Amino acid sequence: MSPASTPGPTQAPHALRHRRSARRLTTGQLADLRAAITATQRIGDDRGFQHWAGIHGLPLPISCVHHRELFLPWHRAYLYLFEKALQDHVPGVTLPWWDWTAEHAEGIPSAYSKRKANGRRNPLFDSPIQPSGRAVPSQTRTTRAPGAPGFLPSPGEVERVLKNRDFFTFQTQLESIHDGVHVWTGGTMADIATAAYDPLFWAHHSMIDRLWYLWQLRHPGAGVPAPLLDRALAPFPMTVRDTIEITQLGYDYAASTAAVKGPGHG
Amino acid sequence: MVERFTSDPIELPPADRPFQRSDLLFYGLDHSGASFEARVFMDPRGVGGEADSRHRAYVGSFFILGHGGCFGDVGHCDIPTDRDPFDLRPAHQLEPALRILTVTDAVRNLLERKVEAAKVTVTAHTAARTPSDVLAFERIRLATYA
């Protein structure tokens, strides 16, 4: 894996930001994520959490792409732009991924399942739902009703899907696994109209995006079919082509990261 | 919409023709309502009763994340039947879905039992207290790949 994106002729190389496993976030990384989510929850305009959650579902129009050929590219663009909104508040923060194949013992990662964090409400546990985003008027906050952890997808199931060489077959089978995790989580996550209001949605989709990335690495000659590449991903200012190479979007996936200072230039 | 469906017998590939993989494809799936798990069974006589994933005819599940109902005015969730070829707007949100379930081992097991055709039974399972009659699709195809 390249540690940095390929610089353009007039660009200095930029270090990629890493999306990390939600189970392996350091205390500081988790605090940054919570601070960024909290900051966007305080904004009522089109930079805020409620706005971004509403793009996926209610209020109308429901813009997400499900059960169609742009499922993976559309959600990659969606996560990228939401992550940018978070980084406007906490530079360098990234969306973690929830590896549901490895978490059969605990189900939802503790970063998202604890009601409180450091004595305060954990912004990853739940979220308010704006009045125009509710499927029913009483749905003021997100809820979950998770199944037994053993019913989450297994590594073997994911491995079988990753073996597909054809993009559409891979995407269709991955979307079924994705749908199953929504169903497993239950509550707000179990309906397209409200799913993105749950902070866990973003970690789940980060995992889906990661699996697409792993598939891309494994099948370098089997990408998105050419006729789709110039399709727009409304309402985002991006096409499918813009989503193909994640290092061009400035991020990469890592199980964990650690850094130490160098000698400097003094 | 139904909670359970059993197909007519679907022909299995000839036992003497080797294949690498076999998929069941479900075309035209509705996803307008509640989310659900669809458990799929293949058996020469079909599967009745409260069969679950431990049943010997169980071949796998697929999942549908549903829209959970219609939130627009009258007609909002009607899928247009005719589409202008110059209409560049995205497809309707409720255009039917496809699901592909890989059933290679199950088909091999049926062939070893000298089965030539099997009925496909699909049962829908939603969250507790949610009606399960959410199953609607147009066609099932069994495809094998050499």
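A charge is said to sit over a ring if NZ of Lys or CZ of Arg is within 6 Å of the ring centre and within 35 degrees of the ring normal, and R19(A) lies in this way over the face of Y251(A), at 3.7 Å from the ring centre. The structure is a predicted model, in which local features need pLDDT of at least 70 and side-chain atom pairs count only at pLDDT 80 or more, while totals for chains, interfaces and linings use all residues. Residues are numbered from 1 along each chain as its sequence is written, chains are lettered from A and ligands numbered from 1 in the order in which they are written, and side-chain values use heavy atoms, with hydrogens and water left out.

**Chain B as a whole**

- Chain B contains one helix and eight strands, where helices (H or I, at least four residues) and strands (E, at least two) are DSSP runs numbered from the N terminus.
- Followed along the sequence, these elements of chain B give the pattern β-β-β-β-β-β-α-β-β, and the C-alpha trace spans about 55 × 40 × 20 Å along its principal axes.
- Of the 146 residues in chain B, 44% are buried, a term that means under 20% relative accessible area, with exposed meaning over 50% and partly exposed the range in between (1.4 Å probe, protein chains only).
- Among the contacts in chain B with a separation of 6 or more, 81% come from residues 24 or more positions apart, contact meaning heavy atoms within 4.5 Å.

**Strand β4 of chain B**

- Strand β4 (residues 36–43) of chain B is largely enclosed by the rest of the structure, because eight of its eight residues are buried.
- Both faces of β4(B) are covered, with F36(B), A38(B), V40(B) and M42(B) buried on one side and E37(B), R39(B), F41(B) and D43(B) buried on the other.
- β4(B) pairs with β5(B) in the antiparallel sense over six bridges, two strands being paired if DSSP finds at least two bridges between them.
- β4(B) also pairs in the antiparallel sense with strand β7 (residues 117–125) of chain B, over seven bridges.
- R39(B) has a bridge partner in each of these strands, namely S61(B) in β5(B) and T123(B) in β7(B).

**Aromatic rings and charges over them**

- Over all chains there are 20 aromatic pairs, counted when rings of Phe, Tyr and Trp (its six-membered ring) have centres within 6.5 Å, with planes under 30 degrees apart called stacked, over 60 edge-to-face and the rest tilted.
- W74(A) and Y78(A) form one such pair, which is tilted, at 4.9 Å centre to centre and with 40° between the planes.
- W74(A) and Y78(A) both belong to helix α3 (residues 71–87) of chain A, where they are four residues apart, about one turn of the helix.
- W74(A) is buried at a relative accessible area of 1%, and Y78(A) is buried at 0%.
- F26(B) and F62(B) form another tilted pair, at 4.8 Å centre to centre and with 45° between the planes.
- F26(B) lies in strand β3 (residues 21–29) of chain B and F62(B) in strand β5 (residues 58–64) of chain B, so the pair ties together parts that are 36 residues apart in sequence; F26(B) and F62(B) are both buried.
- One aromatic cluster is formed by F49(A), W52(A), W74(A), Y78(A), F82(A), F201(A), W202(A) and F236(A).
- R144(A) lies over the face of F125(A), at 5.8 Å from the ring centre.

**Cysteines**

- One disulfide is counted over all chains, a disulfide being a pair of cysteine sulfur atoms within 2.5 Å.
- This disulfide joins C70(B) and C77(B), whose sulfur atoms are 2.5 Å apart, and the link is right-handed, with 95° about the S-S bond.
- C70(B) is partly exposed at 41% relative accessibility, and C77(B) is partly exposed at 24%.
- C64(A), which is buried at 0% relative accessibility, has its sulfur 12 Å from the closest cysteine sulfur, in C77(B), and this is too far for a bond.

**Where chain B meets chain A**

- At the interface, 25 residues of chain B are in contact with 25 residues of chain A.
- The area buried between chain B and chain A is about 2,000 Å², with carbon and sulfur atoms giving 58% of it; buried area is the accessible area (1.4 Å probe) that two parts lose on being put together, summed over both.
- L65(B), F71(B) and Q93(B) supply 35% of the area that chain B buries against chain A, more than any other three residues.
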